[in-house]
Structure formats: structure tokens, C-alpha cells
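This briefing goes through one protein chain by topic.

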Amino acid sequence: MAYRRTVKLLCGLAGGSAVLVVAAAAAESRGCFGGGQPGDGTSGWSRLTAIQAAQPAWTPSSHTPAPTGHAWDFNWDKRDPSALVNGKKKESVTEDPSSEQENGKPKATRNILLIRHSQYNLSGSADKERFLTPLGREQAEFTGERLAALGLKYDLLIHSSMTRATETANIISKHLPGVDLASCDLLREGAPIEPVPPVTHWKPDAVQYHEDGVRIEAAFRRYIHRADHRQKEDSYEIIVCHANVIRYFVCRALQFPPEGWLRMGLNNGSITWLTIRPSGRVALRTLGDSGFMPPDKLTRT
């Protein structure tokens, strides 16, 4: 009993590595390792030495993993006020550059809700034939109801010009009366960048990556950025588009390697929520949220 109490005490004071060594020493003294007599310095204690060598040294510096990757770039959207102040000579000698910079600082937060289109007809060969399935229309209704239930003051609903995204946006729009609807070709589906690691089931050629990548990056730069300094209140914008576009946007906004976009999966009709602070900080509030749909209505096609 005394032996067990000692082990428990050491576990609370010194951690697992110390306990292992002490327990091994006690076991050796009882002859549990075999080969040699207790205290004779032979084979048993050589095993204990091996156990000690296998334990990693603990220090405060090694306990916390060292940061990896690049530091956060606060001017990722090229809208940092300090970077916008030009070097032209001021007309008035009394004008304070620091005051100009302060006045140019954004004050509002942008909230961007990225919606993946609902399930569509996969057998269609042309875009106009890839319309929503009956289940897809149900999914869009659920998404519209969810967005309305959030009770947010939406400023704009933008959607890809492809049929499945347009139909999804139109259904959602019925639940959000008064919210302006706009279409954009930049948000069409495509191959943003060659994924790492590569996949075998989907291999666009280099030309498609070259053409689609530029367009999707242009869409990111147009829609994903901090608020303008003239914006007074926080904004909430909805973008209905496609899985590849959304996943690429998330990687770029969080300053993760964009080649990792294909490592994420998104359900049809799901909601991904990005928040962009005036300072340029970005937070991912939800990724592919579809918990508002019944389980039997969930798809990822």
C-alpha cells in the first residue's frame, strides 16, 4: 500500500516521466526485471537506464511548440491606413499626417456569409441543364429560413451567374425581403489552384488552373476585404457561390496556404461565415454549417 501511495504522490508532483522511472526502480528492487540481483548494478539497472534515456527532457521552452509559418500580414487586403497615406507634399503646413491616417481608419466590421448552392442535376451537360433538384430546392428553403432566423440586417445578396447558384439565391431571397440581389461572373465555379496533396479523381489541366485561378483570385480581392473608412455600421453580406470558390476564399482570408483548399468539405446549402475587423484581423465563425437541415436532407454533391 505504501508503494502505491508513493507512486500516486509522485504522479501529482512530477508527471508521468518521473513516475515511470521511480516505478521502474521499485520494480527492479523487487526483482521484476529479472537477470541480476537488486543493487548489483547489472542487467536490471541497464534497463532502467534505457527507460530514463527514452523520456524527453521537459523544460518551459520545449513545453510550448515554437510558432511556424509567416507572421500575420495586416495589409493583406492593401487597405491598411498606414499603407494608404501617400508621400505627396501637403498643401497646408498645419496638416497632420497622423490625423489623416486616423481619419482614414475603418470603424466597421464586415461579415460575409458564403453560401454553397443546393443540390443540382449532375447529369446536365451544359450549365442551363444543371438546375436544382427537388431536394436542392428544399435545401435552399432551409438555408433561407436559417438566414432569416438569424435576424441580421443584410446589406446585399450576391450570387454566381451559374444556374444552380442563381436558383439557390432566388429561393433564399424570398426569405429576405428588401435585400438587393446581384449577379457576378467572377464567382462562377472553377479550379482555383492545384491542390496539395493532389487527388486522383479530379485533375483539371494546367490551362484551367491558369484561367480559373486568376478569375477566382479577382473575386476574392473584390469581395473579401476590410470595410471602407466611410462605412459607419457593421455590414452583413451574403454571397451564394460554389464549394471550390468558398474553400479558396477561406484559405486566402485566413492566410493559410491556398493549396490546401481541397482538404475541406462543404454540404449543399451550407453557411460559411467570415468576419473581417477594421484592423484587418479575420475570423472564421462557421465553416460549412448545415446543422439547421434535417439529417436526411444533407448532401455534398
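Ser290 is found in the segment after E6. The model is a predicted one. With a relative accessible area of 8%, Ser290 is under the 20% cut-off and therefore counts as buried. Apart from neighbours within four places in sequence, Ser290 is in contact with Asn267, Ser270 and Leu298.

**Overall make-up**

- The chain contains 10 helices and six strands.
- Of its 301 residues, 39% count as buried.
- Taking the contacts between residues at least 6 apart in sequence, 70% join residues at least 24 apart.

**Helix H10 and its surroundings**

- Helix H10 covers residues 243–253, and 10 of its 11 residues are buried, which leaves the helix mostly covered.
- The buried residues of H10 are Ala243, Asn244, Val245, Ile246, Arg247, Tyr248, Phe249, Val250, Cys251 and Ala253.
- Gln255 follows H10 and has a positive phi, near 60°.

**The pairing of H9 and H10**

- The axis of helix H9 (residues 206–223) comes within 10 Å of the axis of H10, and the two cross at roughly 60°. An angle of that size makes H9 oblique to H10.
- The crossing of H9 past H10 is right-handed.
- On the H9 side the contact is made by Ile216, Glu217, Ala219 and Phe220, and on the H10 side by Val245, Tyr248, Phe249, Arg252 and Ala253. Seven of the residues in this contact are nonpolar and two are charged, with no polar residue among them.

**Arg247, a buried charged residue**

- Arg247 is found in helix H10. At 10% relative accessibility it falls under the 20% limit, so Arg247 counts as buried.
- Leaving aside neighbours within four places in sequence, Arg247 is in contact with Trp261, Leu262, Met264, Gly265 and Leu266.
- Arg247 and Arg263 are 16 residues apart along the chain, and their C-alpha atoms are separated by 8.7 Å.

**Nonpolar cores**

- Nonpolar side chains tend to be buried together in soluble globular proteins.
- The largest nonpolar core in this chain has 28 residues. Leu114, Leu187, Tyr223, Ile224, Ile239, Phe249 and Val282 have the most contacts inside it. E1, H9, E4, H10 and E5 are the elements that give two or more residues to this core. H10 provides the largest share, eight residues.
- Phe249 belongs to the H10 side of the helix contact and is also among the residues with the most contacts inside the largest core.
- Val282, another of those residues, touches Trp72, Trp76, Ala253, Leu254, Leu274, Thr275 and Ile276, not counting residues up to four places away in sequence.
- A second, separate core has 17 residues, including Leu113, Ala169, Trp273 and Met293.

**Backbone exceptions**

- Most residues other than glycine have a negative phi, and most peptide bonds are trans.
- Which residues does a cis peptide bond join? The bond lies between Val196 and Pro197, with omega at about 0°. Pro197 is found in the loop between strand E3 (181–184) and H9.
- Lys78 is not a glycine, yet its phi is positive, about 60°. Lys78 lies in the loop between helix H4 (60–63) and helix H5 (81–84). Is Lys78 buried or exposed? Its relative accessibility is 58%, over the 50% cut-off, so Lys78 counts as exposed.
- Gln255 likewise has a positive phi of about 60° although it is not a glycine. Gln255 is found in the loop between H10 and E5. Its relative accessible area is 29%, and Gln255 is therefore partly exposed.

Terms used:
Residues are numbered from 1 along each chain as its sequence is written. This is a predicted model: local features need pLDDT of at least 70, side-chain atom pairs count only at pLDDT 80 or more; totals for chains, interfaces and linings use all residues. Side-chain values use heavy atoms; hydrogens and water are left out. Axes are lines fitted to C-alpha atoms, for helices over the stretch in contact, and angles run from 0 to 180 degrees between N-to-C directions. Helices (H or I, at least four residues) and strands (E, at least two) are DSSP runs, numbered from the N terminus. Angles under 35 degrees count as roughly parallel, over 145 as roughly antiparallel, 65 to 115 as roughly perpendicular and the rest as oblique. A crossing is left-handed if the near helix is turned anticlockwise from the far one by less than a right angle, and right-handed if clockwise. Contact means heavy atoms within 4.5 Å. Ala, Val, Leu, Ile, Met, Phe, Trp, Tyr, Cys and Pro count as nonpolar, Asp, Glu, Lys and Arg as charged, and the others, Gly among them, as polar. Buried means under 20% relative accessible area, exposed over 50%, partly exposed in between (1.4 Å probe, protein chains only). A nonpolar core is a set of buried Ala, Val, Leu, Ile, Met, Phe, Trp, Tyr and Cys residues joined through side-chain atoms within 4.5 Å.
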